[in-house]
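The following questions and answers concern the terms applied to a structure. Please consult the sequence and the model while reading.

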Amino acid sequence: MNLPDFQLASHLIVLLATLMLVVQLLMVTQRMLITNIRLFAVQSLFLSGIAAAVAFFHHAPHVYFMAALTLAGKVVVLPWFLKRLVRKIGIEQEMHPWINPPTAMLLCGGFTLLGYLVARPFADTGNLGSNTFGVAIALVLMGFFLMINRRRAITQVLALLCAENGLFLAAISLTTYGMPLVVELGVFFDLFIAMMVLGILVYRIRATFASIDVDRLNQLKG
Amino acid sequence: MTPLLIPTLAQTALVLVLAPLLAGVIKNWKAKLQNRRGPPVWQPYFDLLKFLRKDMVLSEHASWLFSATPYVLFLSVLIVGLMVPMLSEQPPLKWFGGALAVIGLLALGRFFLALAGLDPASAFGGMGSSREMTISAIAEPAMMLSIFTVAITAGSTNLGQIVHTVAGQSSAFLNPSHLLAFAALFIVLLAETGRVPVDNPATHLELRMIHEAMVLEYSGRYLALIEWSASMKQLVLMTLIVNIFFPAGIAADWSAASAGRALLFFVGKLLLLSGAVVLVETTNAKLRLFRVPDLLSAAFILAALALLSTFLFK
Amino acid sequence: MEGLPMLLLTLTLWGYVIGALAGLLCWQREKLANLLSFGSATLAALGGLGASVVCLVGDATSFSIRWDFLESAVPYLKFSVRLDPLSAFFLLIVSSLGLALSIYSFGYARGFYGRTKVGVLGAFYNALLLATTFVFIADNAFFFLVSWELMAMTAYFLVTFEHEQPEARHAGVLYFIMSHIGTGCIILGFLLLFQASGGYGFIGFHALGERMSAGRRDAAFLLFLAGFGVKAGIVPLHIWLPAAHPVAPSNVSALLSGVIIKSGIYGLTRVYFDFLGTPPLWWGVTLLVVGSVSALLGVLYALMDHDLKRLLAYHSIENIGIILMGLGAALMFQHANHPLLGAMALIAGLYHTINHALFKGLLFLGAGAVQHAAHTRNMEELGGLIKRMPRTAFFFLIGAVAISALPPLNGFVSEWLTYQSLLQGFGATGSLTRLIFPISGALLALTGALAAACFVKAFGITFLAQPRSVQAERAHEASPTMLAGMALLAVACVFLGLFPNQFLPLFDPLTDQLLGVQISRQLAAPGGIVLSSLGLEAGTVSTLGITLTAVCLLPIPLALWIFFGRAAARQTGMTWACGQKTLTPQMQYTATGFSKPLRIIFKALFRPHRAVQAEFEFSPYFARTIRFESHIEETFEARIYRPLQRFILRTSRRMRALQAGSLQAYLIYIFVTLLLLLILTL
């Protein structure tokens, strides 16, 4: 691999990682549920772009496979499934976060700074995309934060998926070829199962409480 | 002085002539996108001419400040127009001020316009002034931070120098910090020029308007100056954005050939950005006034991330 | 060269003494007292102005005077003063403002004829100027503290000058307590310095920090920050300032806000840059953070206040914050060993110091003229004054533009320098701490924009539109001397805005003294009118150039008028009132309404409270009477000071058990203490 190519690829990956970060921030501010799902799809699209770029420049075919899987699973199937779920149970469009968006944004800015600080020792490994590790950590943190900040079960699922996107990015940035394929597949499969379970759960919660506000779960204590 | 005189005259003419056209183009395209026919792109010129010829009615409560404001606003925006690199990396007034002076002069015009809004004792004017000052205040940190980001990369607040540095980088458009700063400034542009998610440029006399409420009492020649200034401000801010972030085609000097080529590029870039603005305006609804801070805080965080990413991806 | 400034300085000091004595002696003849005390102050201020300019322009950088005859009267106390460039710069501030204020006072004091003792006002006014001058030129810690206390006391008497009003008495007490807490910290700080140097002379303190242990140095830093911070009004030590400044007579308010709080800045500059040596990084960071927070909170509270003078007092907190940002950046550069940048940041801070003195003085004088004419400071009762007092309005507008940091006036120049030093600081320093520069730059931008919003409110509601009360309708233009005082300051604001290059060389001896570099040549680009930030590539600005360009471009709108609009008529009509017949003053936007969007946006800070009670007969939309109440929480009072106060009261109640009231008990306390001390010495 010659040097200009490497630089171009590095630029491209960094750019896509930044876009992922921007989309994540938009999700933090966005109040509409459907838009959030679309944003998640866009973020996953960028992620699969990164995977494809890594695969192309490293000539690693199995990473292509991961890219394709992400594209199929997270850009197409999962958003479709979630949208269908939303429509089917007809929940309210606007979600009510605990913390107001400006403050949440500031917190997320802080997370990014933290991610950068933590990732600094790993930034110089010279791998393609190793400098996106900070972004990956920030994405995981923001995913967790979103999970805490949102009240609806379905938005928590979405946040979990975002955190997983961050993990995937971390895997790409830390190792040369991403995680071993088997591990990757396993994670993906786990997630899919989790989605299904949660989908059913959401349905059940609604059937029981006529709401999918997870706050209501504390009524289960009896 | 002669080598400086021609560029100065050229850019003054460019700012004055191009600004209404750009406003007309945006209005026309927006109408087209909404399946309306829309006014011709030349309409703003006819409007200005009409306003200039019309009689003027001044409020009985207004003071001299009301009459002075159109001039202050017009001149301050025009000077800003001469500080921004348009065709050449060397704007005519490059020694007289850079990014900070641009922000300061725009603020000066706004200050007087807001005062003029209060002057005729109308409730609408006060409301417009109050909202204008509020929104510009919360837009200011995002604007300053994104300007800081590009200024730090260039090591200068001189706009010509900034454009020169960016033009020198081969893959600047791939640079995440540039991308983020661009996004932040684009949001600020929407807020500062009163575009749809923040203000609606097409409404009169609705309770949600900002700019139109402030200038409600103006008529005739003064209104012409104010409308012209508003369109010049839009042109200047858009120029700032296109030339800082996409300096392609900008001339290094003021020779006729390179300036002509630069003009083509410049107009093309402006039209692209206008397209983006039109798209945003058409696909979004206007936000409630108290949702605007959400948007602008997003711009602020984007600018902060732009700054952070100058470290992040070293 | 030494003779002239020494002579002028001596004249100045005697001038204030004579002015004070004359005011006291002639207190029964008001006109004479007015003329003598303020006349004497005018001349004295002129002398001080001359002395400082000669000192800053000339080669003789510093000299000292001692008065031995006083020393024999008071043992241990050395009455010695020294005029070095830093002192001279602050002397310039106090003298130039003193000059304008004294001229203004001739007319202003007439408003007190027959009501209060003008002579007493004049006497205290002179004494305050004298004490402040002494603070700036004192040459040893003892004399400094004596002058400091004299300044605090005279200021107290002036704050409570209109002591019939409970508001003034309350503010006075608060000021007195806070001021003494500050003085306590300063005394402790000086004791630390004394311990290291073994003397009280300021010369012996020079670069003393290098010989102190790190812990003591840091302790001294914090003590002086708290002590001088109280005087300067940094958040959260500011609570006395918005209470005390507005209640004093307006010429004194201008002096308090313009100069007295600058004594805090003087103290900080003197101690940090002259005494404490090369600073550690966190000092600069602390100062920068404190400055940013003070600036932002100051302007936010100013926005919520509708008392014209209290609004201005809050703006003093804001501007002190901006000054501290410059000083903090300078300390950080000093740590990073960048003397040039340090000098630029220091100049930015000090330039803003004199600018603030000028425009804040101007604004307070304008507010004083308004209060004089309309008998109220409440903006909701003002309005329409631009037609009744056009000149005052014009001068106030100049001050408002200057304080909002808008080009081409002086506030813009000093904030431009601050921005430039913050910007260059990012490139010049390493490590992550440098992120603080752009962040504080963004906060400064927010502060500036909010200040502009605040002054649109202050000027727009007070001077524009229709008068909101009968008093405002009957207002009249200020007297000629008052206008002259304001005009002087307005001209100074314009001068410092348009000709920074002519003013910057005055800083050369100062930066040479404190940092060992002279940078006015680097800041002033060749050609004379362009100000550059240490290099033409790094950024330039020219306020004069902008103004001249504006003049050159003015023919364009005029030509448009001549070509197209000649035939157009110009008529006066009613303001559109949605079809109603008349437009009453109640329909205008109020100050409260104007700042409402910001009150809601920053509601986490203000915690606004609002209550509406309406009485109606058939529909709530047609209310008969309506009562609206809205106020914001005073966060610092409620969250910090009141709990502290409660704690102190609780502790004192417990301590009361010790106060048995019997003589034997007290004797036992003394005896036990004595025993303990003796045992400790073993």
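Q: What makes C:A465 a contact of C:Q588?
A: Contact means heavy atoms within 4.5 Å. C:Q588 touches C:A465, and likewise B:A121, C:Q466 and C:R468, leaving aside residues up to four places away in sequence.

Q: On what basis do these values rest, and how are residues and chains labelled?
A: This is a predicted model, in which local features need pLDDT of at least 70 and side-chain atom pairs count only at pLDDT 80 or more, while totals for chains, interfaces and linings use all residues; side-chain values use heavy atoms, with hydrogens and water left out. Residues are numbered from 1 along each chain as its sequence is written, and chains are lettered from A and ligands numbered from 1 in the order in which they are written.

Q: Why is C:Q588 called buried?
A: Buried means under 20% relative accessible area, exposed over 50%, and partly exposed in between, using a 1.4 Å probe and protein chains only. The relative accessible area of C:Q588 is 5%, so C:Q588 is buried. In chain C, 59% of the 682 residues count as buried.

Q: Where in chain C is C:Q588 found?
A: C:Q588 is found in the loop between strand 5 (570–573) and helix 26 (591–594). Helices (H or I, at least four residues) and strands (E, at least two) are DSSP runs numbered from the N terminus; chain C has 30 helices and 7 strands.

Q: Why is chain C called as compact as a globular protein of its length?
A: The globule rule is 2.2 Å times the number of residues to the power 0.38, and the radius of gyration is taken over C-alpha atoms. For 682 residues the rule gives 26 Å, and the radius of gyration of chain C is 27 Å, close to that value, so chain C is as compact as a globular protein of that length.
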